[in-house]
Each structure stands twice: as structure tokens, then as C-alpha cells.
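Please look over the sequence and the structure below, and then read the notes that follow.

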Amino acid sequence: MTEQHKPTVFTSHNTTSEFNSHAYAITLQNCVKIGEPTSAKALHCDILKRGSCLDLFGWNVLLNVYVKTDLMSDARKLFDEMPERSTVSYVTLIQGCAESLCYLEAIDLFVRLQREGLELNPFVFTSILKLLVSVESAELGGSVHACLYKLGHGSNAFVGTSLIDVYSACGLVDDAREAFDDIISKDMVSWTGMVTCYVENGFFEESLELFSHMRMAGLRPNNFSLVSVFKASLGLEAIDLGRSVHACALKMRYEMDPYVGAALLDLYTKFGDLEDAKLVFEEIPKCDVIPWSFMIARYSQSKRSKEAVELFCQMRQSLVLPNQFTFASVLQACGSTADLELGKQIHCNVLKVGFDSNVFVSNALIDVYSRCGKMDNSVDLFVESTNKNEVTWNTLIVGYVQLGDAEKALNLFLQMREDNVLGTEVTYTSVLCACATVAALEPGTEIHSLTIKTVYDKVITVGNALIDMYAKCGNIKDAREVFEMMSNRDVVSWNAMISGYSMHGLSGEALRIFEYMQKTKTKADKVTFVGVLSACSNTGVLDKGQAYFTSMVNDYHINPCIEHYNCMVGLLGRLGHLDRAVKLIEEMPFEPSVVIWRALLMACIVHNNVDLGKVAALHVLELEPSDDATYVLLSNMYAAARRWDNVASTRNNMKKKGVRKEPGLSWIESQGTVHYFVVGDASHPDIRLIRGMLEWLNMKTKTAGYVPNYEVLLQDVGDDEKARLLWVHSERLALAFGLIRTPFGSPIRIMKNLRICQDCHAAIKCISTVVQREIVIRDVNRFHHFRDGTCSCNDYW
């Protein structure tokens, strides 16, 4: 209060000995209007000096001053000291307590009001009903409704509207409608409250019908009723209706209203119409951070990262300060484009404005660095974070999984469990993906058990991850069980099962699943046909493969991508139709990739077509000059054709270019530990037992009729040495270890980073009969299930 006001307050009372309570009340009301609690306190002191002679109206005004200026301790003290109290006194303090979040105290005051027998007027009921919504105890509204109904307040517009809000919060839409119908003189707030109730509880058509009745009753919609109708349009997925209501808002001059503007942005962005959303954004006031943050977030979520960053820059130029949600959204855009430099600049901006401790911003920063491959920075931010939530842990786990570091992802998950942080859908999906990457079946099974305990196994994305994990860990039976137990399936569920069977060489099952899928409402996509065509390619089913390829184009209107052509080239090539495979490559609408030429090269090796194989290999090396696998395949092809000069030339080229052959590596999991083996490995602690098992297997398989295939070895050594070298291949070392360390009768699952050789394939078929065990080997291309002397691939691989 200015100096010129202060004398007026006191002079009017000091000039007369008579105490004027009404004059004091008016002056106190002025203190509320101009926000001067200090002057109000001075007046209070003057009143006390004069003997506290205010009337009840004056005391209530003074109480209201303290409540409105947020001096709740003074308000409570005054309330307790008041010589008498009325309903207004109680309502004033109840509203103050509610505003200060002192909900229990407010309820206690309502009880005291009843006990003192004071009048329960509409203001009391509106206050207590609003309080019930605030404390999320709206279910008590029925009791309050009964009380006010007896007193005849149900027809009051203020009380009725408050009842609608209470019943809406409980989802009791019919009760809300009864309360609405009981209101005699419905005002704009009542209509809007009921329209909003319908919308918030998913009764979109009813909300629109009521909105129409409101218009016919001659009421002009306000900004809040328009916002509710926009939400109804979203709920009904009726974009044309939303545009009509937009036109209505324009006619009523509400386009500049911040609530209407935000609702319009939400409407158009959720319908994917970012262009119209941009037009709305350009027209509405932008002095506040909310519309900026909203548009930046929607651009980021729609993978339009460039626009998100540009809008963020415009925002900074407009001198609007970003909030934590703005920073989180623009950092998401940086992560999507792996723009490390921009991410670092925004990180510096975050530090300057002090948002680095905000959990949303911190999580976004961790995500940026992990997407850019800077896991050390992500880990540092993770360690420094003082308010981690489940998203913080998930972000780092996902980062490790995306970079292929499954072991660290699983270790972090264990740490998360030790810190008693509950996993989410993202957590379980990510760690199951990690298990699938390294074929860690035991941890994957344990995580499956956890999902059952936490009911996340019912979530579609987790179920899909479980199918994928079991399939890639060699347990296709459990993958099918998970699939059958899913109450809801999406296209990813079907694709995972089809691809799983295809990967395991079970073409018939894969195609049966596809036929089953066609009978459902789920529509096949590109990935579905990759699995279907891969199944045909893995088993050499040419007629079906060609039929499915044609159906994909003509019936499903899916344009073939590189993966589809790869399957078809592999299918044609491995069946010996090399000319047709070449023709298909020439007819492709885009340049052939490495995988296409590699598929043709593999076919040429199988059918000893050296000249065409050389062409395919040169195309691969033209695209990937350091591809060691192609050099090895080319060398082996020349060796099989006895073209030793070409073999020597190929190996010399490898040396000149510094290309080294990737060593064969096999691994097997036992009691939670993964054991790795390379060819000729003698470093394992159990090497003596492994060698003893290999000697026993060698003896038993020879008796069973196994004959070594020395042609798979290109070394210039004698047959005895070749026989010894064959028995120290990495997959045989892993198999011997598995026979020693796994329970009798249980399946043995081995992973290999390269293609299994022909001799190991033949030997392990024989071993499966000798030891009477199922042996599952996943090589770089597919799974092989060895049982009773046969393989699931039927020797077609």
C-alpha cells in the first residue's frame, strides 16, 4: 500500500470516539483487493486496541483477509479467538485449508460446523464437495448428496454442478446426470460440467448430444465446453467433427483462448495432422511456454526432429524460457537423430538454468548420450542423478541393449532389483531382448517368472519379447506355449512366431501359423512375409515361395523390400536356379545390397558355379571391402574347384587389406555362466574332461558309422591330422562340455558365430543317437535340432 493510502485507513477511525465496524470491514476488504496483508494486520491491531468491537460480519471479513493472503496460521488463530462464528466463518476457513492442501483439517471443520448446528447452506455443500474431489474421496459424495437433498439444495445450480464433478470423478455418470436433471435453473457452468463428465468418462456421443441440447437452449458455449467437445471428437476419431467445432470456436472468437488453443493442438497432432496444428500454433498467443513445449513434444514424438529443434530455436529467440518438458522433448529429438553436438549444447543450457536435477531432463540426457554411443556419459549422469525413477533405469538398460552390450544390461537389471525398483513393461521387454541377443535361456526363464509375478506377462509387448527370447534361445516349444497363452495378439506376436519357426527350420509350422493368422483380423505386413518367405527358402519350397511372393504384391499390396528379394534369391539359388536368381536381381527396383549378393554367392558355392560366384563375391567386396566372410567363402569355393592359384591370390588380397578371418566361436550356458570355446581351445578349466569326452565320442561315432569328411579342411596335412583337427572344432568342444556338465536327458543348446561345417553337422547327428540327447545348435543362419540321428533342417542348409 502506498503512503497516501495509509493515513486514510487510520484517520477515518481516529477522528471519532465511536467504533464503526462497517467502516473497518470495508477497509479490510480493500486490503484483500490490493493484496496488502501488512495493512490488514495493522488494522487488526487497531481493532484489538479499541476492544475488539467488530461485529460478526467484520470478523468474517478479517478472517477472509488472512485466508486470501495465505496467512493460514493467523487465520486459524483468529478463528479460534472469534467471540462468535457463523456458517460463513467455517466456509471461509474450510476453503483456505483446501487451498493450502490441509484437507484433513478442512474435513474436521465441516464436522465441527455440523455439530454446532449452524446452517448448512449451498456454499457449505459446494465447498465440501470440491474438497472430496481434491482428496480423491469422491465416493463419499453420495452421503453428502443425501444430506443436501433432505435440505432441498439439490436444485441449486452451484451445488448440482459440484455434485456432477464428484460423481464424474467416481465414474458414476448416471448419478451425475440425475444431479444435472435436478437443477432447476441450469447455467452455463452446469451444462459444461455435465458435458465434461460425459467426455472424461468416455461417453463421447452423449456429450455431443448434450452439447447440442445446450445450444438449442440458447446458451453460448464457453471455452471449457468447446475444449470438452474437442476431446469428444478425439474419442470418436472424428476429425471432421473436430474441424466443425473449430469453425464454431472461430465464430465465437475463442481462437485466442489458451485452453482452446491447447485443445486444438492436441486434436490435430493426435490425428497426425501436424500441418494444421502448425497453423493453429502460429495463430494463438505464444507468450507462454506451454504451446511451445506442446508443439516441440509432438514434433519429437512424430519423428520430425528437425522441426522440433527449429521450433526450440524460435522459442529461444522469442525470449520464452523453456521448462523441464521443453528440454526433455528437444533432447528426445537430438536422441532420435543421434545429434551429439546439439545434445551437448542443450546439456550446457540445462546446466545454466538449473534443470539438470530434474528427473525428466536427466532421463532425456541419459537417452541422448546412449543413442549416440556415449555410454560413459550416460553412466556418469545416471550415477549423479539423485532422484532416479524406473524410467532412469530403463533408459540406461535400453541403451546397453541397443548397443549390443547385453551382459551390462542384465547386470544393471539385477542392480535395479537389488535397489527395490519395480520393473515396468519397458524393463522386461528390454532385458528379454538382451537375453535373446546372447541366447541366455536361464536368465530369460527367470525373467519370465518375474513377469508372471508382476502380471506383465499379460502385456502384449512383453509376451512378444518372450516369444522372441525363447525362439532365439533354441526353445521353440516354450515360445509356442507363450504364444498360445496370449489373450491378445498383435501383428508382432504372429511375426515373432512365424520367424521363430522359420529360424528353427520348421517351415511347415511357420506356414501353418501364417494360415492361422490369415483367419484372424490381424493383417500381415512386410515383416510377416519376410518370415514366410524365409521359411520357404530354408526348406526349398519353391512353388509356395513364389505363390506367397505374388500374393504379397497382388493381395496385400506390399511392395517387396530387400529382405523379400533376399529370401527369393536364396530360394532360387539353393535349388540350382541360378539364372532365375540373377534375373530376379536384375529386375529389382533398387540396387542389390550385400545380403543379396552374399545369398547368390552361397548358392554358387553349393552348386560349384565358380564364375558366377566370383562375380557375386566381387559385388560384395565392392560394397564392403573388409568383409572377411566373403573372402573366406571365395577362397573355399576356389579350393573346392582345385584352383589353388586363386586361393593363394585371395589370401594375399586379405593380407594386403589387413582383413582377418573371424575365428569360429561357440558358447554354451551352464548354471548361469556362459562358457566360450574357439577351435583347438585348450584354456578351459575342464579341458581334460572335455578331451576325454571327445575321445569317447570319436570312438562311439566310428562304431555307429560316422565317416569324417576331410574336404571341409583346406590345410595341406595328412588324414590323421585332419581327423584330429575336426574333433577340436569349437562346437564339438562346447558339446563335450555340455555332455559333462548338464543333467542327463536335458537338451544341450550351443550357439555359434559362424555357419556349422558339413562334417560337424554329420558328426553331431550321429552323436545325438549315441548319447540319446537332443542337441540344439544355433549357427549364423539358423537353428539345427539334432535328435535320433536326424536334423530339423533335413540336411538342407
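Predicted model: local features only at pLDDT ≥ 70, side-chain atom pairs only at ≥ 80, totals over all residues.

## The chain as a whole

The chain holds 43 helices and six strands, where helices (H or I, at least four residues) and strands (E, at least two) are DSSP runs, numbered from the N terminus. Its radius of gyration is 38 Å, well over the 28 Å that the globule rule gives for 797 residues, so the chain is more spread out than a compact globule; the radius is taken over C-alpha atoms, and the globule rule is 2.2 Å times the number of residues to the power 0.38. Residues are numbered from 1 along each chain as its sequence is written, and side-chain values use heavy atoms, with hydrogens and water left out. Of the 797 residues in the chain, 49% are buried; buried means under 20% relative accessible area, exposed means over 50%, and partly exposed lies in between (1.4 Å probe, protein chains only). Among contacts between residues at least 6 apart in sequence, 61% join residues at least 24 apart, a contact being heavy atoms within 4.5 Å.

## Helices α4 and α5

Helix α4 (residues 56–68) packs against helix α5 (residues 72–81) at an angle of about 160 degrees, and their axes are 7 Å apart. Axes here are lines fitted to C-alpha atoms, for helices over the stretch in contact, and angles run from 0 to 180 degrees between N-to-C directions. The angle makes α4 roughly antiparallel to α5, given that angles under 35 degrees count as roughly parallel, over 145 as roughly antiparallel, 65 to 115 as roughly perpendicular and the rest as oblique.

The crossing of α4 past α5 is left-handed, a term used if the near helix is turned anticlockwise from the far one by less than a right angle, with right-handed used if clockwise. On the α4 side the contact is made by Trp59, Leu62, Leu63, Tyr66 and Val67, and on the α5 side by Met72, Asp74, Ala75, Leu78 and Phe79. These residues divide into nine nonpolar, no polar and one charged, where Ala, Val, Leu, Ile, Met, Phe, Trp, Tyr, Cys and Pro count as nonpolar, Asp, Glu, Lys and Arg as charged, and the others, Gly among them, as polar.

## Helices α15 and α16

Helix α15 (residues 239–251) and helix α16 (residues 258–270) pack with their axes 11 Å apart, at an angle of about 160 degrees, which makes α15 roughly antiparallel to α16. Their crossing is left-handed.

In this pair, Ile239, Gly242, Arg243, His246 and Ala249 of α15 meet Val260, Leu264, Leu267 and Tyr268 of α16, and the residues of the contact comprise six nonpolar, two polar and one charged.

## Helices α24 and α25

For helix α24 (residues 390–402) and helix α25 (residues 406–418), the axes come within 8 Å and cross at roughly 165 degrees, which makes α24 roughly antiparallel to α25. The crossing of α24 and α25 is left-handed.

From α24, the residues Glu390, Trp393, Asn394, Leu396, Ile397, Tyr400 and Val401 meet Lys408, Ala409, Leu412, Phe413, Gln415 and Met416 in α25. The contact of α24 with α25 is made up of nine nonpolar, two polar and two charged residues.

Serine 86 sits in the loop between α5 and α6 (87–99) and is buried, with a relative accessible area of 16%. Not counting residues up to four places away in sequence, serine 86 touches Leu56, Asn60 and Leu118. Glutamate 116, in the loop between α7 (103–115) and α8 (122–134), is partly exposed, with a relative accessible area of 41%. Leaving aside neighbours within four places in sequence, glutamate 116 is in contact with Arg85 and Tyr90, and its C-alpha atom is separated by 9.8 Å from that of threonine 87, 29 residues apart along the chain.

Valine 166 belongs to helix α10 (residues 157–170) and, at 0% relative accessibility, counts as buried. The C-alpha atoms of valine 166 and leucine 132 are separated by 7.3 Å, although the two residues are 34 residues apart along the chain.

## Positive phi in two loops

Leucine 319 has a positive phi of about 65 degrees although it is not a glycine. Leucine 319 is found in the loop between α19 (305–317) and α20 (324–336), and at 73% relative accessibility it counts as exposed. Glutamine 772, likewise not a glycine, has a positive phi of about 55 degrees, and it lies in the loop between α43 (758–771) and β4 (775–778).
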